[in-house]
Amino acid sequence: MDTTLPIDAVTTFRRPRFDRVAITSVFGNPRELRTWSGAPANVAAALERLGVVVESIQPQIGRMAKARIALVDMMAGRGRPLNGEQVLRSLATRRMLAAQVDEAAQRLGVQHVLHTGTLDLLPSAEAHGSTRHYLYCDHTWALASAHHPLASRYTDRARCAFEHAERQSLSGPAHVFTFGRYVRDNLIAHYGLAPDRVTAVGSGMGAIEPWRGLKDYSRPNLMFVAKHLFRAKGGVLLLDAFRIARERRDDLTLTIVGDERSRAFVPSQRGVNFRAHLPWEELQQLYRDTTLLVQPMLNDPWGQVYLEAMLSRTPVMGLARNGLPELVDGGRHGFLVDRADPQALAEAILCALSDPPRLERMASAAQRYVLGTHSWDRVAERILFS
């Protein structure tokens, strides 16, 4: 007799961490799906389905404040800011944003705050006794710096300052929830967090529906998605690799889904089709019509685009770094390329497309994995009851 209880039955016997919480994001309104790939909004909705009352906090920093912080950083030898992220990682910015979060939490009367990222999280002596802070993160500075496209251009003082600020932020939360196990491992090994303070809870994805219909894996149709950060997501690398691969297989096609910022990187080229501003239904169909998603992201920590493709029974290919090895189970659900080199990527593409039955087996295994593992309801349950 099987006495195993379903997870929702088990959670009814456990006391939730909170029954009311505020979710924060420095990247936009936490309740909007365009903010941080929709993670804050999806977590909020899933927590509400579990009966939690969810508030939202959006700390912001104005242009003048950013300019002042950038000037102070330059005078301290941390270099001229190369992008907006550099200012956000400053300890001064974090203090400013964390103070806004504390003020908003007091105003809302909430005693629990879930931060989506470390950039607005610093321990506050004033709020320490009454407010418990939690973190949901997909990366750490230590992990990001290993493949960060600008890391070599940062000064030594800037890199040290970012590391110091990250450690300050991570000293505050009562518990940390991570997208991937590899982030949990880094928080424990590199930042010294106690293992019982860190839980890998995974992520869900967008509103895409699983595809169970017929699919022809002999068609050499590739897909790449980059609504922004085209170069960082591996778009330039892929275009170089595609040119090499098409010299040996001229029926190869590549559909790039992007926006006007991405279009500037895509020259007129045989076999390449650029699609911008796709309605959701067309994007979903494109996933289903694609044979292989090639997304060689240089430093993306996780990549929900991989999960959406896998749910559509489309195998994925990317670089063997950050979260992808975990998502594809070391190569069971997709292809890993060891280095960010056009020739290596081209060879991997041609090899993958040469075996349609393998693609089909891989796609079926990937879809089963995603359906059984990744949903926002599961993330919310783990945050609330782990």
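1. A quick word on terms before we start: a residue is called buried here when its relative accessible area is under 20%. Keep in mind, too, that this is a predicted model.

2. Let's begin with helix 2, which spans residues 39-49 and is mostly covered, with 8 of its 11 residues buried. The buried ones are Ala 39, Pro 40, Ala 41, Asn 42, Val 43, Ala 44, Ala 46 and Leu 47. What does the covering? The cover includes strand 1 (20-24), strand 2 (53-57), strand 3 (112-115), strand 4 (132-137) and helix 16 (376-385).

3. The largest nonpolar core has 67 residues, and Val 43, Leu 47, Leu 114, Tyr 136 and Leu 187 are the ones that touch the most other members. Another core lies apart from it, with 34 residues that include Phe 230, Leu 252, Ala 352 and Leu 359. Tyr 136 also belongs to an aromatic cluster, together with Trp 36, Phe 179 and Trp 302.

4. On to the rings: the structure holds 11 aromatic pairs. One of them joins Trp 141 and Tyr 154, a tilted pair with 6.3 Å from centre to centre and 40 degrees between the planes. Trp 141 sits in helix 6 (residues 141-147) and Tyr 154 in the loop between helix 6 and helix 7 (156-170), so this pair ties together parts that are 13 residues apart in sequence. Are these two buried or exposed? Trp 141 is buried at 2% relative accessibility, and Tyr 154 is buried at 4%.

5. Because Trp 141 lies in helix 6 and Phe 162 in helix 7, the pair links parts 21 residues apart in sequence. Phe 162 is buried, as is Trp 141.

6. How many salt bridges are there? The count comes to 18. In one of them, Lys 233 pairs with Asp 300, with the closest N and O atoms 3.2 Å apart. Lys 233 is in the loop between strand 7 (221-226) and helix 9 (235-246), while Asp 300 is in the loop between strand 10 (292-294) and helix 12 (304-311), so the pair ties together parts 67 residues apart in sequence. Lys 233 is buried at 15%, whereas Asp 300 is partly exposed at 23%.

7. Arg 248 and Glu 347 form another salt bridge, its closest N and O atoms 2.8 Å apart. This one ties together parts 99 residues apart in sequence, because Arg 248 lies in the loop between helix 9 and strand 8 (253-258) and Glu 347 in helix 14 (residues 342-353). Arg 248 counts as exposed, at 57% relative accessibility, and Glu 347 as partly exposed, at 34%.

8. Last, the surface: Leu 71, Met 74 and Met 75 make a nonpolar patch of about 320 Å². Leu 71 is found in helix 3 (residues 63-75) and is partly exposed, at 46% relative accessibility.

Technical notes
Residues are numbered from 1 along each chain as its sequence is written. This is a predicted model: local features need pLDDT of at least 70, side-chain atom pairs count only at pLDDT 80 or more; totals for chains, interfaces and linings use all residues. Side-chain values use heavy atoms; hydrogens and water are left out. Buried means under 20% relative accessible area, exposed over 50%, partly exposed in between (1.4 Å probe, protein chains only). Helices (H or I, at least four residues) and strands (E, at least two) are DSSP runs, numbered from the N terminus. Contact means heavy atoms within 4.5 Å. Patches are made of residues with over 30% relative accessible area and no salt bridge: like charges are joined within 9 Å, nonpolar side chains (Val, Leu, Ile, Met, Phe, Trp, Tyr) within 5 Å. Accessible areas come from the Shrake-Rupley method with a 1.4 Å probe; for residues, only the protein chains shown count as cover. A salt bridge is a side-chain nitrogen of Lys or Arg within 4 Å of a carboxyl oxygen of Asp or Glu. Rings of Phe, Tyr and Trp (its six-membered ring) pair if their centres lie within 6.5 Å; planes under 30 degrees apart count as stacked, over 60 as edge-to-face and the rest as tilted. A nonpolar core is a set of buried Ala, Val, Leu, Ile, Met, Phe, Trp, Tyr and Cys residues joined through side-chain atoms within 4.5 Å.
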